[in-house]
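Hello,

I am passing a structure on to you. Please open it first, then read my notes below.

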Amino acid sequence: MNKLQRYIITAAITAIVVFLIWYFGNIVKYVLVSAVLSWIGKPLVDVLCRIRIRDRVFPKWLAATVTLVAMWGISTALMWVFIPLVVSKINALSGYNFAEFVNAFSDSIRQAEIYLHDRFAIDLTSGGKSLTEVLRERSAEMLTPSIIGIGSLLDTLTAFVIGAFSVSFITFFFMKENDLFDEGVIILFPRKYEPNVRRALVSSVTLLSRYFIGILIESTIKLLVISVCLYILGLSVSDALIIALISAVLNVIPYIGPLIGAVAGIIIGIVGSSGTDAYALMWQMAVVFALFQLIDNIILQPYIYSSSVRAHPLEIFLVILLAGSIAGVTGMLLAIPAYTVLRVFAKEFFNNLRVVQKLTEHI
């Protein structure tokens, strides 16, 4: 078999594998999510397995079960606390007159409109209406409650139950048997490449475990700090927790997520704080988000995004931008994990290339 035939066969097999991954996308998602959860839970499993009870080692299956129950317990507790708050806030926002929100900033909007027109000849009017009038009209369409059919709700609930059970089942066996996920990946490669694949998997799991655990720590810190600071500013406990939760969840989207979370949080804070100076509250909340982001950028993110995956911050930033332009928010979420795995495998299989040597020199 000559080289051309080998290349054709390799390309054909690769195309088939890619098609199967696309066709069975939901199953692949379950497996990948389970793998990530097993990596996050692995430290607890290892700690439990070192416990001895009457000279007997803590069983691996029991350690995996305890870890899985702990994960579900934490998730359930968070949902128990936050879901009622989210529902109540959605109901409050759906009945809010956003024209009042625009009126609170009408003077500032008008001043900005005049400045842009006089300074740069930029006309923000639309159909003879000022920017304030346009925003006031558009605000009436915001957060219009939509009717969700019973059938759609049942479909969503069924999909959630199936997904939760599938992920839990797969995660249990990934934590119980360390090599189960690795073996599933290794069989996709020729036998002669097995040592390379094993080394790449070990490095990938180590780097990604640090990354995901770091993300959880960062989001938890943000949830606590932001909620306390907003409560000190005078927001209610429920509003402070909701805004902090939104910020913590969106914080997993590198760079752009914190900005979206801050804007959404400021809007929710102003809407829920009737009777207070909306303009002053907006700037106070903006200062809180800016200060935390400054701390996050200087201390937390360099460790999580750079040290944990052993890549330069500029390198990570460019990868996130590229992934975002290709696949939007989903691409930005998956950019760092996917790039980390690609770098590790590239080091094992293409280390003779100079660009690969440069990108992977710190792994």
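This is a predicted model: local features need pLDDT of at least 70, side-chain atom pairs count only at pLDDT 80 or more; totals for chains, interfaces and linings use all residues.

Overall picture. The chain has 363 residues, and 33% of them count as buried. It holds 14 helices and 2 strands. Take the contacts in the chain with a separation of 6 or more: residues 24 or more positions apart account for 65% of them.

Helix α2. This helix covers residues 25-49. It has 25 residues. From first C-alpha to last it reaches 34 Å, close to the 36 Å expected at 1.5 Å a residue. There is a bend of about 45° at G41. A proline, P43, follows within four residues. G41 is also one of the buried residues of α2.

Packing against α9. Helix α9 spans residues 194-232. Its axis and that of α2 come within 9 Å and cross at roughly 85°. Angles of 65 to 115 degrees count as roughly perpendicular, so α2 and α9 are roughly perpendicular to each other. On the α2 side, V36, W39, I40 and P43 make the contact. On the α9 side, V205, L208, S209, F212, I213 and L216 do. By class, this contact has 9 nonpolar residues, 1 polar residue and no charged ones.

Two links between these points.

Best wishes

Conventions:
Residues are numbered from 1 along each chain as its sequence is written. Side-chain values use heavy atoms; hydrogens and water are left out. Axes are lines fitted to C-alpha atoms, for helices over the stretch in contact, and angles run from 0 to 180 degrees between N-to-C directions. Angles under 35 degrees count as roughly parallel, over 145 as roughly antiparallel, 65 to 115 as roughly perpendicular and the rest as oblique. Contact means heavy atoms within 4.5 Å. Ala, Val, Leu, Ile, Met, Phe, Trp, Tyr, Cys and Pro count as nonpolar, Asp, Glu, Lys and Arg as charged, and the others, Gly among them, as polar. The expected span of a helix is 1.5 Å times one less than its number of residues. The bend at a residue is the angle between axes fitted to the seven residues ending there and the seven starting there. Buried means under 20% relative accessible area, exposed over 50%, partly exposed in between (1.4 Å probe, protein chains only).
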